[in-house]
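Biologist: Could you walk me through this one while I have it open on my screen? I'd like to begin with the helix packing and then move on to the strands and a few single residues.

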Amino acid sequence: MAVFTEVSQDDARDLAAKLALGEVRELRGIQGGIENTNYFLTTSTGEFVLTLFERLSFEQLPFYLHLMKHLAAHAIPVPEPHATPGSATADNPDGRLLQTVCGKPAAVVGKLRGKSELAPTAVHCAAVGDMLARMHLAGRDYPHMQPNLRGLAWWNETVPVVLEHTTPEQSALLKGELALQNHVAASSAYAALPRGPIHADLFRDNVMFDDGELTGFFDFYFAGVDTWLFDIAVCLNDWCIDLATGRQDDARTQAFLRAYNAVRPLAAAERQLLPVMLRAGALRFWISRLWDLHLPREASMLKAHDPTHFERVLRQRVAQAYRTL
């Protein structure tokens, strides 16, 4: 992702030694994304990803790192964080997963094999739907609690900040959709939605495939406890749409939902609220992309995503709000 903090070879060698990862052979910044500093770290023992967290705090990060350990222990393919050797205790069996690099919180995780599938077919979408359902079920007994930090409360805080960068028509759509989501969140149907840890950012570039096999979900640093339906909506808004127009691809959508339902059938409240949650997922990423574009931070490899993409997705979701999926 974007490199906000430059990590030196000496920093990398010190960290590799601390984690007993062997001799550093390569340290390479990763382009793309806008949240954290990421490097590919290759050592004599393997390939890893080093992440320095630019917004998340030392207090917030254990939720994400322990969630990945928990999911890995439940056979969900995720990058497993590496702990300082000998640091495990009865109270902290995973050891010290959180490191400090250049004065910032950091973690090293295993690198998944394969590559992202940026032009998915119905087969890829079914694989993601299946694994997402398995991930949700695996997280039911995860003991830690942290809300979705980019959920409704953040939308309410951020929309007034970005409105000055929008047209009157865009402003009206943002305010109207935000009002709708606040209304829905206060409803009994919303209260009935099943909840647990969610990924909340499971786009095409956060999933790996190798020779057609799904090999892992990664980048859990937007995760939090929220409705499982919101996680589904975020996926459908990326995996199952036409990128040029934002329109839904029916074949991919049905493949995803059939595969998910085969593992964890949707509850009645989820089926009822899926159309409005698809709008919520599009609204969330339109807001964040407006924020990232107009209120950027300096980074050596930063390229903000186009916010108009999710404006198109939202308008398409509004247009089909009463269509049966």
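Modeller: Keeping in mind that this is a predicted model, I would start with H5 and H9, whose crossing is left-handed.

Biologist: At what angle do the axes of H5 and H9 cross, and how far apart are they?

Modeller: The axes of helix H5, residues 168-185, and H9 cross at roughly 130° and come within 10 Å. H5 and H9 are therefore oblique to each other, since an angle over 145 degrees would be needed for roughly antiparallel.

Biologist: Which residues meet there?

Modeller: On the H5 side they are Gln170, Leu173, Leu174, Glu177, Leu178, Leu180, Gln181 and Val184, and these meet Leu273, Val276, Arg279, Ala280, Leu283, Trp286, Ile287 and Leu290 in H9.

Biologist: And how does H9 pack with H10?

Modeller: Helix H9, which covers residues 268-294, packs with helix H10, residues 308-319, at an angle of about 160°, and their axes are 8 Å apart. That angle makes H9 roughly antiparallel to H10, and the crossing of H9 with H10 is left-handed.

Biologist: Which residues make that contact?

Modeller: From H9 the contact takes in Leu278, Arg279, Ala282, Leu283, Phe285, Trp286 and Arg289, while H10 contributes His309, Phe310, Glu311, Val313, Leu314, Arg317 and Val318.

Biologist: Switching to strands, what is the order in the five-stranded sheet?

Modeller: The order is E1-E2-E3-E5-E4, in an open sheet with antiparallel pairing. Its edge strands are E1, residues 24-29, and E4, residues 99-101, each of which pairs on one side only. On average, and ignoring direction, neighbouring strands of this sheet are turned by 35° against each other.

Biologist: Take me through the pairs, then: how many bridges are there between E1 and E2?

Modeller: E1 and E2, the latter being residues 37-43, pair over five bridges in the antiparallel sense, and Glu26 stands opposite Thr42 in E2. Going on from E2 to E3, there are seven bridges, again with the strands running antiparallel, and here Asn38 has Thr51 in E3 as its bridge partner. E2 and E3 also form a hairpin, with two residues between them.

Biologist: Is E3 mostly covered or mostly open?

Modeller: E3 is mostly covered, with five of its seven residues buried.

Biologist: Which helix lies across those strands?

Modeller: That is helix H1, residues 9-18, which lies across E1, E2, E3, E4 and E5 and runs at about 120° to E1.

Biologist: Changing topic, where is Pro81, and is it buried or exposed?

Modeller: Pro81 is in the loop between helix H2, residues 61-73, and E4. Its relative accessibility is 4%, so Pro81 counts as buried, the cut-off for buried being under 20%.

Biologist: What does Pro81 touch?

Modeller: Not counting residues up to four places away in sequence, Pro81 touches Leu65, Met68, Lys69, Leu97, Val108 and Val109.

Biologist: What does its side chain reach, and which residues is Thr253 in contact with?

Modeller: The side chain of Thr253 reaches the backbone oxygen of Asp249 at 2.8 Å. Leaving aside neighbours within four places in sequence, Thr253 is in contact with Leu236, Cys240 and Gln248.

Biologist: One more pair: how do E7 and E8 run?

Modeller: Strand E7, residues 207-210, and E8 run antiparallel and are joined by four bridges, with Phe209 standing opposite Leu214 in E8. The two strands form a hairpin with two residues between them, and Asp211 in the turn has a positive phi of about 55°. As for burial, strand E8, residues 213-217, is mostly covered, with four of its five residues buried.

Terms used:
Residues numbered from 1 in each chain as written. Predicted model: local features only at pLDDT ≥ 70, side-chain atom pairs only at ≥ 80, totals over all residues. Heavy atoms only, no water. Polar contact = N/O pair within 3.5 Å; in protein donor to acceptor, adjacent residues only side chain to side chain. Contact = heavy atoms within 4.5 Å. Pairing = 2+ DSSP bridges. Axes fitted to C-alpha atoms, helices over the stretch in contact; angles between N-to-C directions. Parallel < 35°, antiparallel > 145°, perpendicular 65-115°, else oblique. Left-handed = near helix turned anticlockwise from the far one by under 90°. Buried < 20%, exposed > 50% of the residue type's maximum accessible area, 1.4 Å probe, protein only.
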